[in-house]
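Let's take a walk through a structure together, one piece at a time. Have the picture ready and follow along.

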2 protein chains.
Amino acid sequence: MAPSPYREKLRESALSIACRIIEAEGLEAVQARRIAKEADCAVGSLYNVYGDIDGLIVAANSRTLARLGEILNSAAATFPAATTRERLLTLALVYARFAAENHHAWDAVFRHRRADDTPVPAGYLEDQGRLLALIEDVIAPRYPNAPERARVARAMFGAVHGIVSLAVDNRLGGALRAELEAQLSFIVDLIDRGLAPPRR
Amino acid sequence: MAPSPYREKLRESALSIACRIIEAEGLEAVQARRIAKEADCAVGSLYNVYGDIDGLIVAANSRTLARLGEILNSAAATFPAATTRERLLTLALVYARFAAENHHAWDAVFRHRRADDTPVPAGYLEDQGRLLALIEDVIAPRYPNAPERARVARAMFGAVHGIVSLAVDNRLGGALRAELEAQLSFIVDLIDRGLAPPRR
């Protein structure tokens, strides 16, 4: 089907509505009927554009990942003068702040599940890959072998992500930021000290 | 209210039913009406025992954490002859295996949310504390200061948990176990090399 102006407008307005609902109320509040009502269309038209409600949620999560990517890329622009440890800590702290300040949107990215046998969409894996590339760039001098570098970057992201997840989920309140930053600083120090030395 | 045999029997049977539903179908399938029907009681009686459906889910999650604790403690029984690295890797791999083999139950522990302003129940934090104590025991010779040791253990658990979460959620299929184990082995090596040396 050729893209029609109506279809494109509906695609965009449904996506904006879904993003707004997720940010304000969380993933569970996203319902096809509500979004169709707010977009002033039939539920069938919504499904016609996004396949099903999961398709719309995946699109909203992609937008969240794109926003995160922009913020991380801005932070990385300050890197030329920084050490490996400083770069890794900056990425970790920026990630933690994004999770805390966009809790519902960030939560939705990791909380959303399709039916058990549906593979993760290719676009989502590409979004992930672009974020992991930021870490890969930092450690490239130490890991010239691409598959090894990818594995190391993935493990490092997982480590930071896990610490952030537990801290945000436990809702430690006022203690959250200081405790979270102390844990991230600690794990980045360990990683930095434990990383392979730069190859010449 | 004094504990009555009926009340205790209902408490136990509702809990068993909830655990079975979570294991087979996942957290979202837990519904008060269904559990009351299977337990042959009124929904009101169920709420009378557990407060609300969240109370029952917290009880089911506590049981999952107790099972995980038993398995980790059995693994730790082999520790007297092992190095720090071997102990940490054993705990990480046992945790990863538990998550993969009890995916729905493990997922429910971290996926369950109460209303935003409800604090995490004290019993759940105690469950967490008992598991973190296993890591604290391993690193105690290197971190004699208790608050620092607790922070280090929490950061290390977060790191392993994050790697396991991303791997299990991404459903990497056949590649999962080997890739996950490689990432865990890598991060444990980093942590082990980066840890403070033993104090004398």
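Start where the chains meet: between chain A and chain B there are 2 salt bridges, a salt bridge being a side-chain nitrogen of Lys or Arg within 4 Å of a carboxyl oxygen of Asp or Glu. One of them joins the side chains of Glu179(B) and Arg151(A), at 3.0 Å from N to O. You'll also find 3 residue pairs in polar contact between chain A and chain B, both residues at pLDDT 80 or more. Here a polar contact is a pair of N or O atoms within 3.5 Å; within protein, one must be able to donate a hydrogen and the other to accept it, and residues adjacent in sequence count only if both atoms are side-chain atoms.

Before going on, some ground rules: this is a predicted model, where local features need pLDDT of at least 70, side-chain atom pairs count only at pLDDT 80 or more, and totals for chains, interfaces and linings use all residues. Residues are numbered from 1 along each chain as its sequence is written, chains are lettered from A and ligands numbered from 1 in the order in which they are written, and side-chain values use heavy atoms, with hydrogens and water left out.

Now for the whole contact (heavy atoms within 4.5 Å): chain A brings 36 residues to it and chain B brings 35 residues. Interface size is often given as the accessible area lost when the parts come together. For chain A and chain B, the buried area (the accessible area, with a 1.4 Å probe, that two parts lose on being put together, summed over both) is about 3,400 Å². Carbon and sulfur atoms give 55% of that.

How do the two chains relate? A rotation of 180° with 0.0 Å of shift along its axis superposes chain A on chain B, with an RMSD of 0.0 Å, using least squares on the C-alpha atoms of residues with pLDDT of at least 70 in both. The two copies are therefore related as by a two-fold rotation axis. The same surface serves both copies, as 97% of the contact residues of chain A recur in chain B.

How many of its residues are buried? In H6(A), 7 of 9 are buried, meaning under 20% relative accessible area (1.4 Å probe, protein chains only). Among them are Trp106(A) and Phe110(A). Arg142(A), in the loop between H7 and H8 of chain A, counts as buried too, because its relative accessibility is 13%. Its side chain makes a polar contact with the side chain of Thr84(A), at 3.4 Å.

Terms used: Helix = DSSP H or I, 4+ residues; strand = E, 2+ residues; numbered from the N terminus. Buried < 20%, exposed > 50% of the residue type's maximum accessible area, 1.4 Å probe, protein only.
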